[in-house]
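Have a look at the structure below, and then we'll go through it piece by piece.

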Amino acid sequence: MHRVPSAGNNSNSSRPRKEKRLTYVLNDSVDTKHSAGINCLAVLKSSVSDVCNYLFTGSRDGTLKRWALGEDAATCSTTFESHVDWVNDIVIAGENTLVSCSSDTTLKTWNCLSDGTCTRTLRQHSDYVTCLAAAEKNKNVVASGGLGGEVFVWDIEAAVTPLSKSSDKMEDDCSNGINGSANSLSIPSSRTITSNNSLTAHTTQCHGYVPIAAKGHKESVYALAMNDSGSLLVSGGTEKAVRVWDPRTGSKTMKLRGHTDNVRALLLDSTGRYCLSGSSDSMIRLWDLGQQRCVHSYAVHTDSVWALASTPMFTHVYSGGRDLSLYLTDLTTRESLLLCKKEHPILQLALHDDSIWVATTDSSIHRWPAEGRNPQKVFQRGGSFLAGNLSFSRARISLEGSTPAAVYKEPIFSIPGTPAIVQHEILNNRRNVLTKDTAGSVKLWEITRGVVIEDYGQVSFDEKKEQLFEMVSIPAWFTVDTRLGSLSVHLDTPQCFSAEMYSADLNIIGKPEDDKVNLARETLKGLLAHWMTKRRQRLGSQASANGDVLPGKDSTARSLAHSRIEVDGNAENDSMVHPPFDFSTGSPPSIITEGSQGGPWRKKITELDGTEDEKDFPWWVLDCVLNNRLPTREHTKCSFYLHPCEGTAVQILTQGKLSAPRILRIHKVVNYVIEKMVLDKPIDTTNTDGSFAPGLGGQLQHSAIGDGSFRSGLKPRTKLRPSVEILCNNQVVSPDMSLATVRAYIWKKPEDLVLNYRVIQGR
């Protein structure tokens, strides 16, 4: 996925502004499974014995899910959908506030027990937000860190609570203050901490609230941890050091060096005396913050350590990472055990009573035995080894083949996910996409309906791609990526409106077969059909009967300001959705886009309520769907010359250049030649541009073969109709080919296409 730009960057630069895109994400299954790797976990334990506990998961598919936990099962009760990129971390703040951060540069807050509605979007980071930390006893304090080197400390209650009636009505967003201009409103409690520990007023505010910024990181931040009271914050990243802060002021207190690679995981004990760090150098280090030094190092893993979880008394640590292994280590005796071996790298751990939840780059989540209340029980099974204090000592043991045996072979239970799509190919017909997922299953998607039309199972992707090859040329009107584990289809104006097909080729009943159908326009109508219905219910039937304009805007002036606009005369100005563009409501796609305010958002098409307008949608989408207007499209015509084959006695019908739609079929050219021959009306040879035959369409600079060229009603009476075939580069062309296909696969030259015709003898 493209990096999402900061919202509200409405620069008055004279350089043309790139229009906002609309993306839709396709779903192949019910919305109760993740479709990409699990980046983060959080357990919400109920204080009442007969009330179930909940597990929250954040995924690379851009969503969070809440799972109601039973003894040996978990049920997805809610999906939280608003982020437009990977969800990288989650924490629970207060009694029931869930805070998430994402590669879309935002933090979002949610009510843990709600139906999944985002309560506030916080925009302060300039780059991907990678990690969060919360204070166990100071419920409102949450810290966030990201690739921009920024660390912010938030008072969640203050950030979420609207300060005024006017701000309550605004979009639930904080403006991005990284590149913002200075704010004239000074707020005493909103302070920025510079690298020399001085306090300065922050330059922006979020409805009056700005988080405290802990400045000092010169590089990316990957890990944060906070003690229970919220009086101590530690951070780590690509600087290979552990920084210690006072989150109440943002001032630096110390910097601990020792790791030789990125710091990827951090833990603090409840008092803030001891800190555990895991690094890409494969080491785990125990720091005494009072003495400001490393007191132990543990060579347990053979590769990067990405996840840490400790027992409540901070006596043992569970660790996982890139080597696919989950270890339990006694911090005092240095004894270590391999609890289990996974098939995928471990990204995060969450201890839950006597078990531990494990999140990996796979879309499934697993619960393993851990004996968290009494970890010594596991060591009594035997098989432990003594962790060295140098990373190469563990690597040498691994090379010598003495890898320890795993204590557990199977998890207590698993929450299955949907295999993520890892490979895709857009087929030449520009309506189908072939995909392959992590399970090896190959499927064929129809992106104008958002459904799988063929599931081929585990077959060769390349062989299936060759089998499905069609010699057809249609403009690339959309792009696709699989960053979220699903197909994300991107529409950008004006390129997306470049592809057309005849209604007959789409099997649309009730439309003249020669009517041109714009694929992007019809796809947008299909995506927004539910929104249009809700909108009509809100506005009444009069709006659709009289024709809509963009609310609060002079749509004509706006259109002229951005690009030339043409009305699509071939399409009805209604919301009728034709079958090839009818999206599934059983597993509806999600829309990712942004309008003039509020920044990017994501929502299922069936959850749009009709209130969305130009503040939420790009103006060109509304102009297309409501006003039936498309940007002026270039290269929709194909210029060509039509000459008799050399050495034949066939009359010369035209010497000038002809023009016709790119999608015109060769059989139309054949009909054109036949009618010219039968009517016996060769052109005036003095007119090199070619005269326009009656009934062949409107005037152009040169002769044009239009869609209605051969429905002129002219009936030959005097001659038998000859049989004619068309050639290009001395190769007979199939009548079903379009001009664009002939140019792409047979002509293969940048010059204007040259077609030849000849009469087939004996027919």
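A polar contact is a pair of N or O atoms within 3.5 Å; within protein, one must be able to donate a hydrogen and the other to accept it, and residues adjacent in sequence count only if both atoms are side-chain atoms. Thr593 gives us an example: a polar atom of its side chain lies 2.9 Å from the backbone oxygen of Arg21.

Before going further, some ground rules. This is a predicted model, in which local features need pLDDT of at least 70 and side-chain atom pairs count only at pLDDT 80 or more, while totals for chains, interfaces and linings use all residues. Residues are numbered from 1 along each chain as its sequence is written, and side-chain values use heavy atoms, with hydrogens and water left out.

**The overall picture**

The protein has twelve helices and 50 strands (DSSP runs numbered from the N terminus, with helices being H or I of at least four residues and strands E of at least two). Of its 763 residues, 55% count as buried, where buried means under 20% relative accessible area, exposed over 50% and partly exposed in between, using a 1.4 Å probe and protein chains only. Take the contacts (heavy atoms within 4.5 Å) between residues at least 6 apart in sequence: 58% of them join residues at least 24 apart.

**Back to Thr593**

Thr593 belongs to strand E42, residues 590–593. Is this residue buried or exposed? With a relative accessible area of 3%, Thr593 is buried. Leaving aside residues up to four places away in sequence, Thr593 touches several others, including Leu22, Trp601 and Phe617.

**A four-stranded sheet**

Strands E6, E7, E8 and E9 form an open sheet in that order, with antiparallel pairing (two strands pair if DSSP finds at least two bridges between them). E6 (87–93) and E9 (118–123) are the edge strands, each with a single partner, so one side of each has no neighbour in the sheet. E8, residues 106–111, is joined to E9 by five bridges. Within that pairing, Thr109 has Arg120 in E9 as its bridge partner.

**Aromatic pairs**

Searching the whole structure turns up twelve aromatic pairs. Rings of Phe, Tyr and Trp (its six-membered ring) pair if their centres lie within 6.5 Å; planes under 30 degrees apart count as stacked, over 60 as edge-to-face and the rest as tilted. Here are two of the pairs:

| Pair | Centre distance | Plane angle | Type |
|---|---|---|---|
| Phe80 and Trp110 | 5.4 Å | 80 degrees | edge-to-face |
| Phe497 and Trp620 | 5.9 Å | 90 degrees | edge-to-face |

Phe80 sits in strand E5 (residues 74–81) and Trp110 in strand E8, 30 residues apart, so this pair links distant parts of the chain. Phe80 is buried at 0% relative accessibility, and Trp110 is buried at 1%. Ring pairs also bring in Phe56, which forms a cluster with Phe80 and Trp110.

What about the other pair? Phe497 lies in the loop between strands E38 (488–491) and E39 (500–502), and Trp620 in helix H10 (residues 619–627), so the pair ties together parts that are 123 residues apart in sequence. Phe497 is buried at 0% relative accessibility, and Trp620 is buried at 2%.

**The end of a helix**

Helix H12 covers residues 739–747, and its buried residues include Leu739, Val742 and Trp747. Just after H12, Lys748 takes a positive phi of about 55 degrees.
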